[in-house]
Amino acid sequence: MAKKLSRLRGMFSSGNVTSRVFERQIRSSPPGASVNRARKFYENLVPSHTLYDVECPDHCFRKFTEDGLFLISFTRNHQELVVYRPSWLTYSSSTDSSSLPRRASRFDSFFTHLYSVNLASANELICKDFFLYFPSQRFGLFATSTAQIHDSAPSPGAVPGVPSIDKITFVLLRLDDGVVLDERVFLHDFVNLAYNMGVFLYDDLLAILSLRFQKIHLLQIRDSGHLVDARAIGYFCREDDELFLNSSSQAMMTTRTSQDKNKQQSREEDAENNGLQHRSSQQPNASDNSFLSGIKQRLLSFIFREIWNEESDNTMRVQSLKKKFYFHFQDYVDLIIWKVQFLDRHHLLIKFGSVDGGVGRNADHLPAFFAVYNMETTDIVAFYQNSAEDLYQLFEQFSDHFTVSSSSPFMNFVTSHSNSVHALEQLKYLKNKSNSFSQFVKKMLVSLPFSCQSQSPSPYFDQSLFRFDEKLISAADRHRQSSDNPIKFISRRKPETLKFKIKPGPECGSADGRSKKICSFLFHPHLPLAISIQQTLFMPPSVVNIHFRR
Amino acid sequence: MAEELQFQMGSILGDLPSFDPHNFSQHRPSDPSNPSRMVPTTYHPTHNRTLPPPHQVITTEVKNILIRSFYQRAEDKQMRPKRPASEHLAGEHGNKHFRASSSSSAQGL
């Protein structure tokens, strides 16, 4: 009977922390579930105590690093980086009172200031929403930029309609001591820096998408701290394409050989060869980019071949091509890369869309396309429209493989609808509630490609342990509208009791009741410690609260 | 053909067979009073249907399951039996192009 009960209750037979510790001494966890079992202790150790309105320096607190060693923040003027070490408070008090002594409930009891480094010079500002962590060497990647220019003069190779920034600098910094290790500068370019959208880190590979020049820059972060250029995908697909093209002298010869080299040799492509040759022969000067870029050629030839292979009769093929390919040819040619992520070391997931939606956030209603690109063979493997049910099926089943992070093992335990029954239930509920399945698919696929390091690995966001209102708080590090009521975290085990509450702050007086308050939460990855920052949009001083386990 | 050899193994292990007669040769029975030859029953397969292919090397698949699905779907599309042209359409072969060009203006994505 006792065995049956323990099986019903999961890995531990009791909810009591002491009995769990004793049980841990004698029983090992089921295979592959040691992290899950360790996380169950977070049901017992919760950040239930809050210190409201802690007096602290007026910085923009950005994030805890995923190993919990550093708290990253920036000064208000966005020119300096300030790094703290999260620690635990220690104090001694002579009285027996249950409340903390005043000297203990301070910001520096929890956070030790390590250093401040100036990253941005006079006219530059640090992008406070950009930060990537390289955990194996504890490097941090930051970005500074000058002001954005919207109507910039068109320059060769630039996509018209995309704004330009005079100078973007990516700075690689060793977080242990604040030493700047390397920098990479992009001039008159545009990279979407907000919330790491235009940059993706996988292992030691960094992909920076230059929206303006439609290039994916691949860099490698070496252990020594150097940023090494590996490849630039866009106009050229292979490293030696440029060399090859430059070595051919005549313009017409260049046309012929580039088409031969950049496309795979197959007889079905003669028709397209003729089409493109005809197009490019109307502009005989090869120097002013009459060619489509390498990656666009790959994409068009893939779409062509897919449509070609659907039919076996040549007449049907041509008819199908006219309807599906040539009619939309210019639309396909005008597609630009919006966003990129790594799927593994050799494959990229690229999102294409029209020029209008590249920069703005409200691009949900515009058509978009996804392509899987193999960097080694320079082939497109798959191409989907953003309403494709096939792609949605893969997204539903294997969402964890989209949010790749090969760095730390416990980052794989961030809840998603592929690894949690509860999250999957919620997704299915939304699916059944929606009126149109293709609209639902489009809405879900908006989150692809994923932004790097945008979810908190804190076990308090684990849906198998706690239930909470996702609209008020979640693992994603965006700020959200603050609510007056405290945010409840309810245990998933029976009995489903309230475990702890996070209240973003004492309410302001009624005079301020109209002003919108936004709130952001920073949870430490493994300590029962969290910071909530509440600020009104127009008044800079923010209220900082610390939630921890007393 | 099973080769029955003298056996008398320790009672803990019972009469489990082996494929190699020299296995369990180091095994000592629990009570030393009855010494035995310690050779277990051996069985050898009479066919080679279950042998692994020669020079087989098992390695982990480099591509993760998501990427494998992408490649699999691409292959399925290639392998899918293509729609053959029906007789009905073949009959109007002559004026097919003419019809298509006049009606293509209204097509959209």
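Student: In chain A, what share of the contacts with a separation of 6 or more comes from residues 24 or more positions apart?

Tutor: The idea is to ask how far apart in sequence two touching residues are. In this predicted model, residues 24 or more positions apart account for 56% of the chain A contacts that have a separation of 6 or more.

Student: How many helices and strands does chain A have?

Tutor: Chain A has 14 helices and 26 strands. Of its 550 residues, 51% count as buried. The chain exposes about 26,100 Å², and carbon and sulfur atoms supply 51% of that area.

Student: Which strands pair with S17(A), and in what sense?

Tutor: To read a strand, look for its partners on either side. Strand S16 of chain A, residues 336–342, pairs with S17(A) over six bridges in the antiparallel sense. A hairpin of four residues joins S16(A) to S17(A). One bridge sets A:Gln341 against A:Leu349 in S17(A). Strand S18 of chain A, residues 368–374, is also antiparallel to S17(A), over seven bridges. There, A:Ile350 has A:Ala371 in S18(A) as its bridge partner.

Student: Are the residues of S17(A) buried or exposed?

Tutor: Check the residues one face at a time. S17(A) covers residues 347–353, and seven of its seven residues are buried. On one side are A:His347, A:Leu349, A:Lys351 and A:Gly353; on the other are A:Leu348, A:Ile350 and A:Phe352.

Student: Why does A:Lys351 count as buried?

Tutor: A:Lys351 counts as buried because its relative accessibility is 9%, and the cut-off is under 20%. The residues that A:Lys351 touches include A:Trp338, A:Phe370, A:Leu445 and A:Pro449.

Student: Which backbone atom lies 3.2 Å from a polar atom of the A:Lys351 side chain?

Tutor: That atom is the backbone oxygen of A:Leu448. A:Leu448 is also among the residues in contact with A:Lys351.

Student: What is the order of strands in the open sheet of three strands?

Tutor: In an open sheet, look for the strands at the two ends. Here the order in chain A is S20-S22-S23, with antiparallel pairing. The edge strands are S20 (466–467) and S23 (498–502), each of which pairs on one side only. S20(A) is joined by two bridges to S22 of chain A, residues 487–491. A:Arg467 stands opposite A:Ile490 in S22(A).

Student: Which residues have the most contacts inside the largest nonpolar core?

Tutor: The largest nonpolar core has 67 residues, and A:Phe170 and A:Ile216 have the most contacts inside it. Helix H8 of chain A, residues 294–310, gives the most to this core, with eight residues. A second, separate core has 24 residues, including A:Leu391, A:Phe440, A:Met444 and B:Phe70.

Student: Which residues does A:Phe170 touch?

Tutor: Leaving out residues up to four places away in sequence, the contacts of A:Phe170 include A:Phe130, A:Leu141, A:Phe186, A:Val199 and A:Ile208. Asp182, Glu183 and Arg184 of chain A are also among them.

Student: Are A:Cys127 and A:Cys237 buried or exposed?

Tutor: A:Cys127 is buried, with a relative accessible area of 16%. A:Cys237 also counts as buried, at 1% relative accessibility.

Conventions
Residues numbered from 1 in each chain as written. Chains lettered and ligands numbered in written order. Predicted model: local features only at pLDDT ≥ 70, side-chain atom pairs only at ≥ 80, totals over all residues. Heavy atoms only, no water. Pairing = 2+ DSSP bridges. Buried < 20%, exposed > 50% of the residue type's maximum accessible area, 1.4 Å probe, protein only. Polar contact = N/O pair within 3.5 Å; in protein donor to acceptor, adjacent residues only side chain to side chain. Contact = heavy atoms within 4.5 Å. Core = buried A, V, L, I, M, F, W, Y, C linked by side-chain atoms within 4.5 Å. Areas by Shrake-Rupley, 256 points an atom, 1.4 Å probe, with all protein chains shown as cover.
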